Each structure stands twice: as C-alpha cells, then as structure tokens.
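Here's a quick briefing to read alongside the model. Have the sequence and the 3D view open as you go.

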Amino acid sequence: MPRDPALVQRIESLRSRPVVYLGHGDALLLLGLANASLREQQFAGANAEEDV
C-alpha cells in the first residue's frame, strides 16, 4: 500500500534530525505523557462504542 506523501516527508524530516540524548528523568516524563495520551484515546474510543 503506498504511503501518503506528507507522511513520507515527515518521516524523512524526523530521520534527518540530529540525535538528542535524554536523561532518565526526561525519558520517564515522556513515557508518562505518552501513557496518559493513550489512556485518553482508549477512553474516548470506549465511550464512542457505548453511544452506538
């Protein structure tokens, strides 16, 4: 399946960026933010299914 050109461009721009090393605390903070975001998406999806 072909990819969206905008997505391909975004992936290439991210790959070309220099590497940034995170400390342990920063990594834990980002992990917590990602988990919270995923939880919100799962709750939103569950509520949408109940409304049907």
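A salt bridge here means a side-chain nitrogen of Lys or Arg within 4 Å of a carboxyl oxygen of Asp or Glu. By that rule, this predicted model comes out with 1 salt bridge. Below is where that contact sits, plus a look at the fold and the surface.

**Fold and burial**
- The protein has 52 residues, and 0% of them count as buried, where buried means under 20% relative accessible area.

**The salt bridge**
- Glutamate 12 and arginine 15 pair up through their side chains, at 3.7 Å from N to O.
- Both residues belong to helix 1 (residues 5-16), and because they are 3 residues apart there, about one helical turn separates them.
- Glutamate 12 is partly exposed, at 44% relative accessible area.
- Arginine 15 counts as exposed, since its relative accessibility is 63% and the cut-off for exposed is over 50%.

**The nonpolar patch**
- Val20, Leu22, Leu29, Leu30 and Leu33 make up a nonpolar surface patch of about 510 Å².
- Leucine 30, one of the patch residues, is found in helix 2 (residues 24-50).
- With 46% relative accessibility, leucine 30 is classed as partly exposed, so it clears the over 30% relative accessible area that patch residues need.

How values were computed: Residues numbered from 1 in each chain as written. Predicted model: local features only at pLDDT ≥ 70, side-chain atom pairs only at ≥ 80, totals over all residues. Heavy atoms only, no water. Patch = residues over 30% accessible without salt bridge, like charges linked within 9 Å, V, L, I, M, F, W, Y side chains within 5 Å. Areas by Shrake-Rupley, 256 points an atom, 1.4 Å probe, with all protein chains shown as cover. Helix = DSSP H or I, 4+ residues; strand = E, 2+ residues; numbered from the N terminus. Buried < 20%, exposed > 50% of the residue type's maximum accessible area, 1.4 Å probe, protein only.
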